[in-house]
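Subject: Handing over the structure

Hi,

Here is the structure I promised to pass on to you. Have a look at it first, and my notes on what was found follow below.

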Amino acid sequence: MDTQLWLICFLTFVIHLIGTLAYSVRIAGVRTRRIAVSFALFSILVLVSRTSNSFLGPFLAKRVESNLAGTLATDLLSDFRWLLVSASLATIAGALLVPTFQRVFCRAVEHFQVHRSVPKLILHGFFKGGLSFVKDAATLPAAPQVSKPHNSGAVSWSILLLNVGAAALWTVGVFAALYAGALDPAVRVTSSTLSSIINGGATIMMAVFIDPHLSGMTDDVVEGRLSEGEFRGAIVWLVGSRLAGTLLAQLLFVPSAMLIVFVAQVL
């Protein structure tokens, strides 16, 4: 694995790590009863994710172009497999960090409520005891939450299966579009713009089914119709289904790329 591939894997890891940690923001929101502030502060990390994503696409496109030109001898399929592995590892890391991150994020929300300044919050986090608090707050997920999380029916199996599918399609979309260009170089420019064929399904599932259900659960906790323990259990299953989706992406990758090639040729 060369340096460029390590960098691309790192960017993929960052993107999926932040995507997984988004679940812990909802836990922090219901604990502090500051859901809007929680999402506003999390947008700072979303910026990091979007910045990583803005570099990921060009780096991958350059790698495909170099391979087609013969200036870089590499097995592209193997490279993309490693990227999908990075996405799975990031999801596992995010799952392990959820308890720590939600504690730290609760502290950040409380600090922001007092000072109402993001720059002050960032300075506090890095220079005024924030790092020591992270060390003190570090903890692994509780065993009961992992072993018996689905005991309330807060999240249905249909939502979990939809989350698996959405995570798989979202993980594979851009990668499949770029790999499609390597399968048929004659339509590689068209293929690179067709990731929405795959991502579109994930977007629909997230917007129509998953996000509204998760938002409803969040409101239920705030209004007392659902306990925080039951909500955390549901989050464990949602994170697990996201991990299953990144693993399923390994199976969907080549068929998705072939579908994009077909559409590009027909257009």
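The largest pocket has a volume of about 1000 Å³. A pocket here is an open set of points on a 1 Å grid over the protein atoms alone, where a 1.4 Å probe fits, with protein on both sides within 12 Å along at least five of seven lines; lining residues have an atom within 4 Å of a point. The volume is the space filled by probe spheres set on the points, which are joined across faces, edges and corners.

This is a predicted model, in which local features need pLDDT of at least 70 and side-chain atom pairs count only at pLDDT 80 or more, while totals for chains, interfaces and linings use all residues. Residues are numbered from 1 along each chain as its sequence is written, and side-chain values use heavy atoms, leaving out hydrogens and water.

Around the largest pocket there are 31 lining residues, and Ile15, Gly19, Ser49, Trp170 and Arg242 lie nearest its centre. At least two lining residues come from each of α1 (3–32), α2 (35–69), α7 (157–183), α9 (196–222) and α10 (228–266); helices are DSSP runs (H or I, at least four residues), numbered from the N terminus.

Now to the helix packing. The axes of α2 and α3 (residues 76–115) come within 11 Å and cross at roughly 165 degrees (axes are lines fitted to C-alpha atoms over the stretch in contact, and angles run from 0 to 180 degrees between N-to-C directions). The two helices, α2 and α3, are therefore roughly antiparallel (angles over 145 degrees). Their contact (heavy atoms within 4.5 Å) includes Phe42 and Leu45 of α2 and Phe101 and Phe105 of α3.

For α7 and α9, the angle is about 145 degrees and the axes are 8 Å apart. Trp170, one of the residues nearest the pocket centre, is also among the α7 residues that meet α9.

Finally, α7 and α10 pack at about 35 degrees, with their axes 5 Å apart.

Enjoy exploring!

Best wishes

How values were computed: Angles under 35 degrees count as roughly parallel, over 145 as roughly antiparallel, 65 to 115 as roughly perpendicular and the rest as oblique.
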